[in-house]
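Q: I am new to this structure and would like a close look at a single part of it. Please keep the account plain and connected.

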Amino acid sequence: AIALWWQLPQAAGQGWRQFYGGAGHENWQQVIALPSGGFAAAGFDNDNSPDALYFAIVDEDGDTILTTVQAIDSFYVFVSGLAALPTGGFLVNGTLNHPGANSQQAWMGRLDDNGILTDSYFPGLDSCSSISALVAETGNVAIAGSKFYFIGNQYDAFAAMADTAGNVLWTYDSDNPEFDAFYDLELAPDGGLWAVGYRFSLNSLTHDIFLARFDADGALLWEKEIDLGDYEAGYNLALTPEGDLAIAVLSYNEDHPTGFIQLVKTDPDGNMLWSQDYALGESVYPTDIEVDAEGNWLVLANYQQATTGTFNIKLLITYPNGQLRSITEYGGLGDDSAEDLLLLPDGLLMAGSSVNPEISSLGDALLIRTDSLARLYTATVSGLVYRDQNADCLAGPGEPALPAGIVVKAEPQQGGHAAYTVTGVDGHYTMYLDTGAYLISVLSPNNLWQTCANDIAIYLPEHDD
């Protein structure tokens, strides 16, 4: 018989997962790399209603250097942009929602080096939501979102450019008699921008991707509606190395009533070059897209697990032509979601939140760091595969290790793909795994062998160092 022996994790693998927060529900919505090393993250904390601005600086290992939680009057806070300013401190962009008045307005805040809010700017963009914001090389801030009109109960796609003191340089309102909105933007080389979202018509019952291009002065150069034959909305936008546009799309149809992801590539003038469909699970939606230096597309998404009803994180990676390269899951045993994806020279960083139902119904802010191949290994498991000569399922004296090439399998109980490794010449194996529960088993090399125990259940703790 074949027997399997294992030992508890000895050291962390490559990458890490860190949690942040306290008594309330915390969520990171934006994360950036700092020139001096480490990262800054911003989002919200709802320990004291309404939500407060939640900000932190962490080191390269995700360990907290400083944290601030600051209420902004009586508003709920949504963070859509974060930047480190060349003169020091940080600029935060987002939307403030007033629960009593049921109103919203775009907002900008300046933080000092210690994360203390020193200035708040309300650029006069009432009833406007800032869903995406970026700081241009000029130092100006590009904003895209929607504007709500109480008369007619409709939304218009909205874009603006402001300086870092909150002075509005230009604004755009689609003035559409029906419904449209922008969800993301990308800066253009001429100082203008592209914005993507959706446009809906009650008359034709179409719901298409809405793509627009603005020059540096805010003049609308063109707008296009892209119909893929379903019910679509452009959620995320990025530039490819050759200057084309990469769009992550949320779509619905009869075969996928809870949603599926489509990727669309257009040229800089909005002419579609190709589109691809990807079914990643129930209730799936993209949250960010990046394109690396080789032209590979990385799409961050959240989806609902059919077996548990909880949400989990997936990263979809394609080749430059849209061909699927890999799908990786990063969630744990509870509800996990990610909202921002950051490309690093040696890996990826994802920001979001996590809820462990065994501890609390409230969530903690979450950062996940992977290696350059998008792998997350927070711990190692090692052990020995040997020949059990007396059938007692124990490693007795003199019982020989099996030769190299025996396959050991780790099946994640939280969902996702199984991991495999093979034994060395001395029968030992080492396997890098992420946090979670696993069943470890050995695969018989042929039908002349049988395993002493079918599976060994183990649990790897969070961030095991």
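A: Alanine 374 lies in the loop between strand S29 (364-369) and strand S30 (379-387). Strands here are DSSP runs of E with at least two residues, numbered from the N terminus.

Some ground rules come first. The model is predicted, so local features need pLDDT of at least 70 and side-chain atom pairs count only at pLDDT 80 or more, while totals for chains, interfaces and linings use all residues. Residues are numbered from 1 along each chain as its sequence is written, and side-chain values use heavy atoms, with hydrogens and water left out. The predictor's confidence in each residue, pLDDT, runs from 0 to 100. The protein averages a pLDDT of 86, and 89% of the residues score at least 70. Over residues 8-12 the pLDDT is below 50, although this stretch has 14 contacts in the model beyond near neighbours in sequence; a contact means heavy atoms within 4.5 Å. Where pLDDT is low, the predicted coordinates should not be read in detail.

Alanine 374 has a phi near 65 degrees, a positive value in a residue other than glycine. Most residues other than glycine have a negative phi. With a relative accessible area of 3%, alanine 374 is buried. Buried means under 20% relative accessible area, exposed means over 50%, and partly exposed lies in between (1.4 Å probe, protein chains only).

Strand S29, on one side of this loop, is mostly covered, with five of its six residues buried. S29 pairs with two strands, where pairing requires that DSSP finds at least two bridges between them. With strand S2 (residues 16-20), S29 pairs in the antiparallel sense over five bridges. With strand S28 (residues 347-355), the pairing is also antiparallel, over six bridges. Isoleucine 368 of S29 takes part in both: it is the bridge partner of arginine 17 and of methionine 350.

Aspartate 175 lies in the loop between strand S14 (168-173) and strand S15 (179-187). Its phi is near 55 degrees, again a positive value in a residue other than glycine. Aspartate 175 counts as exposed, at 63% relative accessibility, whereas alanine 374 is buried.

Terms used. Helix = DSSP H or I, 4+ residues; strand = E, 2+ residues; numbered from the N terminus.
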